[in-house]
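Student: I would like to learn how to read a strand, a core and a chain contact from a model. Could we go through them one after another?
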Amino acid sequence: MRRGRVGSAALVSPALLWWAGLLVLPVGLVLAYSFFERGVYGGVVYDWTLDNYRRAWDPLYLGVLGFSVRVALESTVVSLLIGFPVALFIATRPARWRTVLLVLVILPFWTSLLIRTYAWIVILNDEGIANRALRELGLVEGSVRLLYNEFAIVVGMVSTYLPLMILPIYAALERLGPELVEAAADLGANAWKRLWTVLVPLTLPGIAAGCIFVFVPSLGNFIIPDLLGGGRRQMVGTLVQSQFLEARDWPFGATLAVSLIAMLLALVLMQAWLGKRSSREEAVTRAV
Amino acid sequence: MRHRPARVAILAALAVLVVAIAASAATARPEQSVTLTISNWDAYTPEDLIPRFEKATGIKVKLAKHTTNEDIMGKLEAQNGGGYDIVFVSGPFAEALRKRGWAARLDHKKIPNLKNLYPGASKLAYDRGNRYSVPYTWGTTGLCWRSDLTRQPKSWWDLLRPAPALRGKITMLATDRWLMLPALKVLGYSINTTNPAHLKRAAALLEEAKKNLLAYDDTTFYSKLVSGEAHLVQAWDGWCNYGIAENPKIKFVVPKEGSDVWVDTMVVLAKSKNLDAAHKFLNFVLRPDSGKSVTELVLYKTPNEVAMRSVKKALAKQFPNLAIPPKKLLTYETERDLGKAQPLWSRTVSEIVG
Amino acid sequence: MRSRGGELSLGALFVGTLAFLYLPIAVLVGLSFNESGLPTAWGGFSTRWYGELVRDEEIKDAALATLVVALGATTLSVLLGTPLAFGLDRLRSRTLDGLVFVPMIIPDIVYAIAFLSAFNLVFTQKLGQQLGLWSVVLAHATFGIAFVAIVVATRLAHFDHSTVEASLDLGASELRTFLEVTLPQIAPGVIAGALIVFTLSVDEFVIAFFTAGIEVTLPIKIYSMVRFGVTPVVNALAAVVLGVSIVLVLAAMRLRGREEAA
C-alpha cells in the first residue's frame, strides 16, 4: 500500500463521523431514554429508573414477541421453500436467460410495497377476487376467511421479502459453477439426497444470509400486521410504534426498542460466528 | 376618485405616489407576508376554506396533513412543540398540549366569532372556557350498520355479544379511547376511568368480543360496510356518513347506554411566531359560512350554532346524525387526557389485542 | 441424464412464483381501468382514474418530493460510501467491516424513533431547525452509505491494484490515476450501489413517515390514500409506477448489453 493509515483514516472518517452523529448518537439516546421515566403528559422526565425493563419483562409482551417470532419464522421458512428452488431454477438456465429471469422475479418489487399490500386486501377480503373465484368454481359457499389473520400476514411478508431470499441463494449457487449446479439439480432418483448432501451445504452461507434478510425485517414490520392482519394481533413493531405514538411513552417504547435491537444483534453475531466456523471447516476440508 | 380635469395631472401624480406608499406600507405590514403552517387530518378541510381565508386576509397557508392524533403528536414531540402554527387535534390531545406548555393561551378579543358557538361547546371538560383550544367539529361514537343485512342494533351489547349471523361481520375502532368505549359504557363506567379494576373488567369483555371481530378499523370501516364485508361497525358519526353517501341502506344509531362527545379542536402552538394571523384563522373558521361548508362538504357536525342553523335541511334528512341536538350530545361524557393512567390503558389495550 | 420430472416441477414452481408475485399487480392494473372504481364490480373500461391522477396536484408534489429525497440520499451515500469502501479495503479491520452491517439490522421503526429523539435534541433545541425533506434525506443516507460501501467493497475485492501502481509509476498524478484508472474499474459497483439506494429511498415508508415535515413523499401519500379507503387513483398510480420501472429496467439492461459488447 502506497498511502498509509493516515490516508485510510481520511477515507473512512467522513462516513464514520456521519454515523457517529446520525446513528450512534440516536441509538445511544434511545438507550438512555430506556432508563428514564415518562412525563405525566408524555415526554421524558430525567429521573433514572430500571422500572421500564421490569415492565417489559411481562408475560404479555413476551407473548407479543413470541407471536412476532412465529410469524417471522413462518415467513422465513415459506420464503426459503419458494426461494431456493426458484434460485436453483434460474441458476441452471443458460447464461443469457439468467438475467432475464432474475429481472422477471425482481421487477414486481419495484412497485410500491404499500400498493402491493393494498392489492392483497383487494384479493383476499371476504367479497374479494379470491373468494369470488372460489365461489364461481363451486368450491365454497359463502366465503373463506383469508384476510385479517396470520395467513394474510405471512402472505404479505413473503410477497414483500422474497427477493431478499432469492438473491443471496442465487449468488451462492452461481459461484459454484455451472457444472456442479447442473449435476446437483439433475433431480434423478437420489435427487433429495444429493440436494441435501451437495447443494445445501455448499450454499449454506447464502441460505443463512437470505434467512437473516427475511427474518429481521419481518420481525419489525408493523404495516403488514396493521393492513393485512386487521390489527387483530400485535407484533413487536406495532407495540414499539404504539408506545411511542399512542401511549406517548417514549421511555418504555425505547426499552422495547433496545430489547429488540439486542435480540437481533445476538442473532446476527450468531450467524457471523456460524459463517466463520463453516468457512474454517471449508478451509480444513480443502487442506485435507 | 373623481376630480376636476384641471387638476388631473397633479392629482394623478399624487395618487400614484399615495398608492405606491400605501402598497409599500401594506407589504411592510407583517400579515401581508405571513405564512401560517397548519396541520389538519387528511380530507378534513373543506376545499374552499383555505383559498377563501387567503383571499379575505392576504395571509398564506401551508396546509399539512396528518393521519391520526398520535401521528401529529409524535411530530410535535420530535420538534419540541414547534414546526406548526396551528394543529387540529382531538380534545384530550389539546389538553395534553396545554399541560406540556405547548399550546398558546388564546386571546378571545381576537376571536369575536366565538359567540357563534353553542354555549355548551365552551364548557367541555378538556378545556373549559376555550382558553387553549377552539372546537372545529364534534360528534359521537355509535354503530353504523347495513339495514338490509341485519336488524337494528340497540345496545353496545349487539357489538360485544353479536347475534350468530353477525360473527366475523363486525369491526371495532382501533384507537385505545374508542376501542375501550363500548365495554366501559355497558359496564356503566366513565370513559376516562383510571380505576384498574374497571379496566380489567372492560378488557375481559373486549377480549371475548374480539373473537367475533373481522378487524379493528379506524379508517375504512365504512367501505367494508359498502362492500358487504362487514354488516355492523363501531363508527364515528361523521365517518358513517361516508358510507351512507354511497349506500342509503347504511344507518347510524347511538346505543341506549350512551356514548361520548368527541371534539376535534384547533390549537395554536405557543411557539408560533404568527399568533395574530393564527387567531385570525380561528376566527375565520368560526364564521357561519365556514362552519356551513365544513358540515356540508366534510359531513361532520360543527359546534357552531349559527352555522348549523344555515345547513340545508335536506342534508340533515340524508344524514340523520347531523340532526342530533347538541343538548342530547352534551349529556355524554367527553374524553380527557389520561395522564398517569395512560401506560395502564396502553397495557390493557395490548392485553386485548396482543 | 437429466430428469424431466425434476426439471418440470422446478419450472412449474417458478411459474407459480411468478403468478404469486404478479397477481397483485395484475389486479391493480386491471382495476385501474375499471370505470366504477369499486374493486367488487366491473363498470366498464375507462381511463378516468388516469385523468384524475394527472390532475392530482398533491400526488405530483409528492412524486417530486420523492425524487428530490432519493437523489439527495443517493448522492450523499455515494460521496460518503465510496471512500468508506476504499478505506475498509485498505484497513482490513474486522470490526469496521462488521460495523457497516449494523444499520441494516436496526428495524426501521426503531431507527425512525431514534432519529426523532436526536433530531429534537440537536436540530430543534440547539439549531432551531424543523423537520423537512432534508431530514428524510439525512435518515435515508445513513442506510444508503452502508449499501454503497458494501457493494463497492465487493467490487474492490476483485480490483487489480497493479494498474494503479503502474499509472503512478508512469508519472500520472493521483487525481488523474483515480479518474482514469481506478474509477472506470469500480464504476459498475458505484452505479449498482447508487441504484440500490435510489430504489430503496423511493419506496421507503416508515422512516420517511416519521422524519418528514410538512411536505410528504409518495409512499406517505399512498399510505394515507390506502388507509382512508378504496381510491381507484391508487390503482392508476400503481400501474404508472410499474410502467416506469419496466422502462428503467429495460434501459438499464440495454446499457449493460452495450457495455458488455464494447
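Tutor: Let us begin with strand 3 of chain B, residues 86–90, which is mostly covered, since 5 of its 5 residues are buried. Please keep in mind throughout that this is a predicted model.

Student: Which residues of strand 3 of chain B lie on one side, and which on the other?

Tutor: The general idea is that in a regular strand the side chains alternate between the two faces of the sheet. In this case B:Ile86, B:Phe88 and B:Ser90 are on one side, B:Val87 and B:Val89 are on the other, and all of them are buried, which leaves both faces of the strand covered.

Student: How many bridges join strand 3 of chain B to strand 1 of chain B, and how many pair it with strand 10 of chain B?

Tutor: Strand 1 (residues 35–41) runs parallel to strand 3 and is joined to it by 2 bridges, with B:Ser39 having B:Val87 as its bridge partner. Strand 10 (residues 262–268) pairs with strand 3 in the antiparallel sense over 5 bridges, and there B:Ile86 stands opposite B:Val268.

Student: How should I read the nonpolar core, and which residues have the most contacts inside the largest one?

Tutor: In soluble globular proteins, nonpolar side chains tend to be buried together. Here the largest nonpolar core has 257 residues, and B:Val267 and C:Ala149 are those with the most contacts inside it. Because domain 1 (34–138 + 263–323) and domain 2 (141–260 + 335–353) of chain B both give residues to this core, it lies between them. Leaving aside residues up to four places away in sequence, B:Val267 touches several residues, among them B:Ile86, B:Val87 and B:Val89.

Student: How is chain A itself built?

Tutor: Chain A has 13 helices and 2 strands, and buried residues make up 48% of its 288 residues.

Technical notes:
Residues numbered from 1 in each chain as written. Chains lettered and ligands numbered in written order. Predicted model: local features only at pLDDT ≥ 70, side-chain atom pairs only at ≥ 80, totals over all residues. Helix = DSSP H or I, 4+ residues; strand = E, 2+ residues; numbered from the N terminus. Buried ≥ 20, exposed ≤ 12 C-beta atoms within 10 Å, placed from the backbone. Core = buried A, V, L, I, M, F, W, Y, C linked by C-beta atoms within 7 Å. Domains from an automatic or database assignment. Contact = placed C-beta atoms within 7 Å. Pairing = 2+ DSSP bridges.
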